[in-house]
Amino acid sequence: MTSRITCQVRDGAPITVIRLAGTLDLITMRQVYAVLDRSLAGQPDALVVDLAELAVRDELALSVFAAAARRAADWPVVPLVLCVPRPEVAAALAGSTVCRVVPVRRTRAEATRVAVACAVPRLRVRLEPVAAACRRARELVADACARWNLPEAAGPASVVLSELVGNVVRHAGTPMQVTVTLRRPWLHLTVLDGSRAAARPGEAGQRDEGGRGLLLVRQLAEHWGSAPAGDGKAVWATLPAN
């Protein structure tokens, strides 16, 4: 029997809502994950997933929601909330490990309230791949740290974000979205560009003038990584929000 599922995405400010209809199983869960991943790449303040018209054929497929939530924890730091499950789906969720990772609410209104309450402050800016982008990134960090009273984080965060932006200017050469997010105890820095090539630290020689940007990021950041996002990738780093 062929499985079918539809995923209706409604982008809104500040919440994106995804409505799933059809049958979730080990085949259609891949489609669901792809839709969740694309929506998360847009970095909404929160993501609500409406399960009112969803049936579950294989309970193992419910792990797709936990996988998406764990992926979003490092980047893009977007809370995910499930809502309006059918009684049999609610029972399956309650008996799984999903509820340990993803909140589940009976109505969309309740889910929206939870999502808004879990949303974290963030600042965003669109930049072109020009040399001045690094300066603008440093200004964004200074603004964020001033707003959120993080004077000790401003210096290292400014260096890290400047290097992430500089990497796009030098290698990807595409427009980018730069985001600074506060989820205590961490300050999250993200640069989303239009290149699918993964960001990797270079192997600069002792006399080379460049090629050490991501090595510096690795030294200053608590964690950092590169992940596919939409038609490009996201490179992110986390630093202590002291």
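**Ground rules.** I am working from a predicted model, where local features need pLDDT of at least 70, side-chain atom pairs count only at pLDDT 80 or more, and totals for chains, interfaces and linings use all residues. Residues are numbered from 1 along each chain as its sequence is written, and side-chain values use heavy atoms, with hydrogens and water left out.

**T174.** I found T174 in the loop between α6 (151-172) and β7 (176-183); helices (H or I, at least four residues) and strands (E, at least two) are DSSP runs, numbered from the N terminus. T174 is buried at 15% relative accessibility (buried is under 20% relative accessible area, exposed over 50%, partly exposed in between, with a 1.4 Å probe and protein chains only). A polar atom of its side chain lies 2.8 Å from the backbone nitrogen of G194.

**Salt bridges.** I searched the whole structure and got 12, each a side-chain nitrogen of Lys or Arg within 4 Å of a carboxyl oxygen of Asp or Glu.

**R57 and D25.** Their closest N and O atoms are 3.5 Å apart in a salt bridge. R57 sits in the loop between β3 (46-56) and α2 (63-74) and D25 in the loop between β2 (15-24) and α1 (28-41), so the pair ties together parts 32 residues apart in sequence. D25 is buried at 6%, while R57 is partly exposed at 40%.

**D143 and R147.** This salt bridge has its closest N and O atoms 3.3 Å apart. The two residues are 4 apart in helix α5 (residues 132-147), about one helical turn.

Methods. A polar contact is a pair of N or O atoms within 3.5 Å; within protein, one must be able to donate a hydrogen and the other to accept it, and residues adjacent in sequence count only if both atoms are side-chain atoms.
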